[in-house]
Structure formats: C-alpha cells, structure tokens
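Please open the model in your viewer and keep the sequence panel beside it. The tour below goes from one selection to the next and says what is to be found at each stop.

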Amino acid sequence: MDLSFSAEDTAFRAEVRSFITENYPPQLKSKIDEGEELSKEDFLSWHRALAKQGWAGIAWPKEYGGTGWTSVQRFIFAEESARADAMRLLPFGLNMVAPVIMAFGSPEQKAQHLPGILSGEVWWCQGYSEPGAGSDLANLRTKAERFTGDDGKEYYKVNGQKTWTTLAQHADWGFFLVRTDPTVKPQEGISFLLIDMKTPGITVRPIITLGGEHEVNEVWLEDVIVPVENRVFHENKGWTCAKFLLAHERTGIAGVAASKRGVERIKTIARAEVDSFGTESAPLMSNPFFKRKVAELEVDLTALEFTELRTLAGESSGKGPGPESSLLKIKGTEIQQRITELALEAVGHYGAPYFRGFGEGDNEHPIGPDYAHRAAPTYFNMRKTSIYGGSNEIQRNIIAKMVLGL
C-alpha cells in the first residue's frame with residue numbers, strides 16, 4: 001500500500017479545507033458546541049451546501065450524480081471534515097437506502113428517489129429494529145399482507161411496530177423490513193419496502209435518551225397501505241437487501257476520522273486539567289497511567305485506520321464491503337466508546353450530567369470549561385454504538401463464520 005499523498009491529493013485537501021472553512025454554517029457549529037437540540041433545517045443546512053457543490057454523494061458513482069471520488073479523496077474529505085468538527089451527513093438516505101436502490105431498485109425507483117436523497121430534499125429513516133427483534137433482526141414480526149385494491153392494483157397492508165428509529169420525527173420516507181411470508185424460515189419471508197411517512201396509519205412516538213435528547217423513536221404502523229411497486233427487489237427476498245445495506249452501514253460506523261479528532265480533544269483537555277492524583281498543579285497528561293490509556297487508544301486507532309483504507313481500496317476496485325465491515329464496526333465502536341470514557345475521566349467532577357432547560361428563554365449554563373458539559377451526555381449516548389448496526393457480539397459471530405470458517 002502506497003501511503004504517500006500525490007500532488008493532486010494535496011491540492012484536493014487544500015480545496016476541501018477551504019470549502020469547509022468558507023461554507024460550513026456557523027450557527028450549526030455554535031448549536032452543536034452548546035449541546036442544543038438541532039432542528040430539521042439545522043441538519044439539512046450542511047447537506048444542502050455540499051449538494052450545491054456536488055459533494056453530497058461522496059461515495060456515489062457519477063452516473064447517479066455522485067462525486068466519483070477515489071478512496072483517497074474520500075479519506076481526505078473525512079479527515080478534513082473531522083478536523084473542522086463538521087457534522088457528518090445523516091447516513092440513512094445517502095449511505096444506506098441509496099446503495100440498495102442503486103443495486104436492486106427498478107429504473108422508476110431510482111428516478112423517483114435518488115435525486116431527492118442527493119439534494120437533501122427528502123429525509124429518510126430506517127425501520128429495521130423491533131421490540132424483541134434487534135440483534136436477532138430476522139425474527140421481526142411487522143407483517144405485510146398483499147391484496148388487490150378496488151383500482152385493480154396490488155398493495156400491501158402493513159401492521160407492526162419499529163423501535164429506535166433515529167430522527168423519524170423529521171422523516172419524509174422510510175425503508176422498512178416486513179414479513180410477507182410467515183410460513184418459511186425467518187430470513188426467507190422478508191421484503192424490503194419504501195414507505196411514505198405521511199401515509200395514514202403511521203404514528204411516530206418519541207423516546208428520550210439518557211442524554212436528554214429526542215433522537216430516537218418508536219414507529220407504529222396500523223393498516224398502512226403501501227403499493228407493491230414500492231417494494232425493492234423480489235418479494236420475500238428483502239434479506240438480501242438488508243444484508244447489503246448493513247454492510248455499508250457497518251463500514252461507515254467505524255468513523256476513524258472523527259475518532260482521531262476525538263483523541264486530539266482528549267489531549268487538549270488533559271493538558272488543561274490538573275492531575276488530582278499526582279503532583280499538585282501538574283497537568284493530567286503528565287500522569288503515566290492516563291498517558292498509557294491515550295497511547296493504547298492511538299495504537300488501536302492507527303490499526304483501524306489501515307483496515308479502513310484497505311476496505312476503501314477494495315471498494316474502489318469494484319469489491320463490495322465484505323466480512324471486514326464487521327471488524328470495522330466492532331473496533332470502530334469500541335474505540336468511540338473508549339474516547340468518551342477518557343473524556344469523561346479527564347474532565348473530572350465537571351463531567352457531572354448536565355441537561356439544558358427546555359422551552360424559550362432558557363438561560364441556564366453549565367459550570368466549568370466549555371469542553372466539559374457535553375462529556376456525560378456524549379458518554380451515555382455512545383453506549384448505543386456497540387449495539388446498533390448489528391450488535392458487536394453478532395459481528396464476532398459473522399467473522400467467526402465468514403473469515404475463520406468456524
């Protein structure tokens with residue numbers, strides 16, 4: 001593997017850095033720094049700026065309006081975005097359902113959905129997990145019964161419940177796994193449906209997280225009528241789409257660039273905070289035990305970075321994400337959790353959980369340095385990373401089977 005950057009790559013990095021500096025919405029950075037809840041418009045503001053530049057679909061092929069960037073360019077963009085603390089674009093449309101539609105969708109589905117995903121005009125959510133069917137996703141019970149309508153067209157009537165549906169309160173469309181044949185083994189009776197979230201019978205109810213945020217929801221579907229033409233791929237073959245989507249999701253979950261930025265923040269905090277267990281007034285970063293934790297974290301992160309680069313190189317040569325996406329998911333999420341643990345340890349008592357007031361006129365502010373008040377909510381929120389996208393225990397089973405042949 002050639003680890004040096006070409007002159008073209010260096011020029012590209014400068015272009016990306018300049019664009020982010022000049023176009024990243026300042027109000028978005030301010031709200032994130034203050035821990036304020038983001039509106040739908042906040043989320044879309046950066047997406048729209050990138051879409052205007054033609055940079056929203058960084059992993060999309062040019063034929064669908066994407067950048068057609070090489071793996072190195074995508075890596076550079078992720079690094080520069082993390083360096084600037086730029087918000088990562090929501091993956092549900094761009095990086096999850098879009099690749100499925102590109103690979104398995106009909107020409108009509110591609111024409112209908114891909115432009116809105118790329119521009120940010122249409123917001124997507126994911127209807128996978130259910131109560132009792134999270135890591136064991138194939139055990140889902142949401143059912144879709146096929147029938148012929150009075151107009152002579154074919155429809156599904158969908159009934160069931162989905163949970164942990166991220167930002168479904170803002171979604172225009174959702175992609176859902178549903179059971180269309182209960183008589184066969186679980187994986188063989190599932191279909192992949194695209195559902196307009198404005199369809200009668202859909203109810204979105206908030207779940208407030210330990211961080212005090214309305215990020216996830218439960219979604220109820222009661223006699224929701226969906227045209228059969230909204231099904232992607234064949235009936236009862238939705239598990240093929242589901243696995244394809246999850247491989248892309250797991251690769252993206254690794255978040256190497258963001259984790260590298262997280263380690264830099266820990267070092268900054270540790271240089272500012274006093275080591276309460278060592279010499280008086282000495283910085284925490286001088287504590288050998290804390291330094292060792294940071295060093296071990298950097299070693300693991302470097303190994304993960306090379307693994308991600310190999311995976312990106314494989315994708316650039318036409319190889320889709322394979323079992324290595326499970327490895328990226330496991331190590332990436334474990335590292336993310338270790339970063340939040342170290343950050344919480346570094347800020348000490350200033351890291352006591354803090355929740356902003358609700359409603360207009362909130363003038364409460366946390367005690368301590370600016371970097372401290374988000375430590376606890378972020379720590380709590382990141383407990384989820386080893387579970388979503390397929391729990392890490394399941395990923396280890398996949399590696400054991402697909403790589404080790406056990």
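Predicted model: local features only at pLDDT ≥ 70, side-chain atom pairs only at ≥ 80, totals over all residues.

Glu80 belongs to helix 4 (residues 71-83) and Arg13 to helix 1 (residues 7-23), so the pair ties together parts that are 67 residues apart in sequence. Both Glu80 and Arg13 are buried.

Next, select Arg265 together with Asp85, another salt bridge, in which the closest N and O atoms are 2.6 Å apart. Because Arg265 sits in helix 8 (residues 256-272) while Asp85 is in the loop between helix 4 and helix 5, this pair ties together parts that are 180 residues apart in sequence. Arg265 is partly exposed at 39% relative accessibility, and Asp85 is partly exposed at 23%.

Across the whole structure, a search finds 26 salt bridges.

Glu296 is partly exposed, its relative accessible area being 38%, whereas Arg292 is exposed, with a value of 57%.

## The nonpolar cores

Which residues have the most contacts inside the largest nonpolar core? Select Trp46, Ile117, Tyr128, Val158, Phe175, Phe192 and Leu194, which hold that place in a core of 70 residues. Helix 5 (residues 91-104) supplies the largest share of this core, namely nine residues. A second, separate core has 22 residues, and Val294, Leu297, Leu301 and Leu342 are included in it. As background, nonpolar side chains tend to be buried together in soluble globular proteins.

## A serine in helix 3

Move to Ser45, which is placed in helix 3 (residues 40-53). Is Ser45 buried or exposed? Its relative accessibility is 15%, under the 20% cut-off, so Ser45 counts as buried. A polar atom of the Ser45 side chain lies 2.7 Å from the backbone oxygen of Asp42. If residues up to four places away in sequence are set aside, Ser45 touches Pro25, Gln27 and Leu28.

Select Asp223 in strand 7 (residues 214-227), where phi is near 50 degrees, a positive value in a residue other than glycine. Asp223 is partly exposed, with a relative accessible area of 45%.

Then go to Asn236, in the loop between strand 8 (231-232) and helix 7 (238-253). Although Asn236 is not a glycine, it has a positive phi of about 70 degrees. Asn236 counts as buried, at 17% relative accessibility.

## A nonpolar patch on the surface

Finish with Met402, Val403, Leu404 and Leu406, which make a nonpolar surface patch of about 480 Å². Leu404 is found in the segment after helix 12 (392-402), and this leucine is exposed, with a relative accessible area of 57%.

Conventions. Residues numbered from 1 in each chain as written. Heavy atoms only, no water. Helix = DSSP H or I, 4+ residues; strand = E, 2+ residues; numbered from the N terminus. Buried < 20%, exposed > 50% of the residue type's maximum accessible area, 1.4 Å probe, protein only. Polar contact = N/O pair within 3.5 Å; in protein donor to acceptor, adjacent residues only side chain to side chain. Contact = heavy atoms within 4.5 Å. Core = buried A, V, L, I, M, F, W, Y, C linked by side-chain atoms within 4.5 Å. Patch = residues over 30% accessible without salt bridge, like charges linked within 9 Å, V, L, I, M, F, W, Y side chains within 5 Å. Areas by Shrake-Rupley, 256 points an atom, 1.4 Å probe, with all protein chains shown as cover. Salt bridge = Lys/Arg side-chain N within 4 Å of Asp/Glu carboxyl O.
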